[in-house]
Amino acid sequence: MVGEPVTAVIFDFDGLLMDTESTSLLSWEYEWSQWGLELDRATFFAPHGGDVSDQRYASLAGAVGPSFDRELSHRRRETYRDDLHRTLGLSAGIGAWLSEAAELGLHLAVASSSPLDWVTGHLARAGVGDAFEVVAAGNEVDDHKPAPDVYRLALTRLGILPGHGVAVEDTPHGVEAAHRAGLRAIAIPNPHVDPTRCATAELVLGSAAELTLRDALRKVG
């Protein structure tokens, strides 16, 4: 892969383009508090992509007991989360990277374990939906990250070989998925990920604001 010209950058979505990982955590903490309980942050984030809401509601139901009302809980949590999203923008430096990518003539894609409507809805609200030629989503593939499926789908839709693409990820299982698809990876760990866990990436940054996109791509070879 090293030395091949980069023609495309493929971004993860949750926790990377926008910090929806934090809003998810906050919404679940809020919902646990409505039952007089405290969420265990240490076990909250799953080591893989995909929707784990059923497991989270099951944990909450077990803690609450027979009085638990899932419909009420779900409606209340989503209302709280959606209110947080009204003011949620792109992560630091991402807007500049998207603009720079256009100037460099790079193809842009999203490869996310989340459903398509979740990703496209947030991108549209942030005003950057048109920046991406391709969006590959979790509900379009068989297996979630660290499986490489969604990255392979993005590569197929872009019409490029893996050696010409670089993935940008925020979790170790995302970096693994990118590597398994044959991509080089830049890791920008979200606030809930220990950066040392992403050390297998070709480059680890604190935020996209640390380097220009051009310089970041140079560093990954």
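Glu-31 has a relative accessibility of 0% and therefore counts as buried, where buried means under 20% relative accessible area, exposed over 50%, and partly exposed in between (1.4 Å probe, protein chains only). The model is predicted: local features need pLDDT of at least 70, side-chain atom pairs count only at pLDDT 80 or more, and totals for chains, interfaces and linings use all residues. Residues are numbered from 1 along each chain as its sequence is written, and side-chain values use heavy atoms, with hydrogens and water left out. Helices (H or I, at least four residues) and strands (E, at least two) are DSSP runs, numbered from the N terminus.

**Salt bridges**

- The structure holds 12 salt bridges, each being a side-chain nitrogen of Lys or Arg within 4 Å of a carboxyl oxygen of Asp or Glu.
- Side chains of opposite charge can pair when their charged atoms come close.
- One of these bridges joins the side chains of Glu-31 and Arg-76, at 2.6 Å from N to O.
- Glu-31 belongs to helix α1 and Arg-76 to helix α3, so the pair ties together parts that are 45 residues apart in sequence.
- Arg-76 is partly exposed, its relative accessible area being 22%.
- Another salt bridge links Arg-81 and Asp-82, at 3.2 Å from N to O; Arg-81 is buried at 12% relative accessibility, while Asp-82 is partly exposed at 33%.
- In the salt bridge between Arg-86 and Asp-83, the closest N and O atoms are 3.0 Å apart; Arg-86 is exposed at 61% relative accessibility, and Asp-83 is partly exposed at 40%.
- A network of salt bridges links Asp-12, Lys-145 and Glu-169.

**The sheet**

- An open sheet is formed by 6 strands in the order β3-β2-β1-β4-β5-β6, with parallel pairing; two strands pair if DSSP finds at least two bridges between them.
- The edge strands, each of which pairs on one side only, are β3 (134–136) and β6 (203–204).
- Strand β1 (residues 8–11) runs parallel to β4 and is joined to β4 by 4 bridges; here Ala-8 stands opposite Gly-165.
- Strand β4 (residues 165–169) is also joined by 4 bridges to the parallel strand β5 (residues 184–187), and Val-166 stands opposite Arg-184 in β5.
- Helix α7 (residues 172–180) packs on the sheet, touching β4 and β5, and its direction makes about 165 degrees with that of β5.
- For such values, contact means heavy atoms within 4.5 Å; axes are lines fitted to C-alpha atoms, for helices over the stretch in contact, and angles run from 0 to 180 degrees between N-to-C directions.

**Strand β4 and its crossover**

- In a regular strand the side chains alternate between the two faces of the sheet.
- From β4, Gly-165, Ala-167 and Glu-169 point one way and Val-166 and Val-168 the other way, and all are buried.
- The chain crosses from β4 through α7 to β5 in a right-handed β-α-β crossover, meaning that, with the strands pointing away from the viewer, the path from the first strand over the helix to the second runs clockwise.

**Helix α5**

- Helix α5 (residues 116–125) lies across β2 (107–111) and β3, running at about 140 degrees to β3.
- Val-119, His-122 and Leu-123 are buried in α5.
- Seen down the axis of α5, the buried residues fall within an arc of 100 degrees, so they line one face of the helix; the arc is that of the directions from the helix axis to the C-beta atoms.
- An α-helix has 3.6 residues a turn, so residues three or four places apart point the same way.
- The buried residues of α5 pack against α1 (20–34), α3 (70–85), β2 and β3.
- Asp-117 and Ala-124 are exposed residues on the face of α5 turned away from its buried side.

**Backbone features**

- Most residues other than glycine have a negative phi, and most peptide bonds are trans.
- Lys-145 and Pro-146 are joined by a cis peptide bond, with omega about 20 degrees.
- Pro-146 is placed in the loop between β3 and α6 (149–158).
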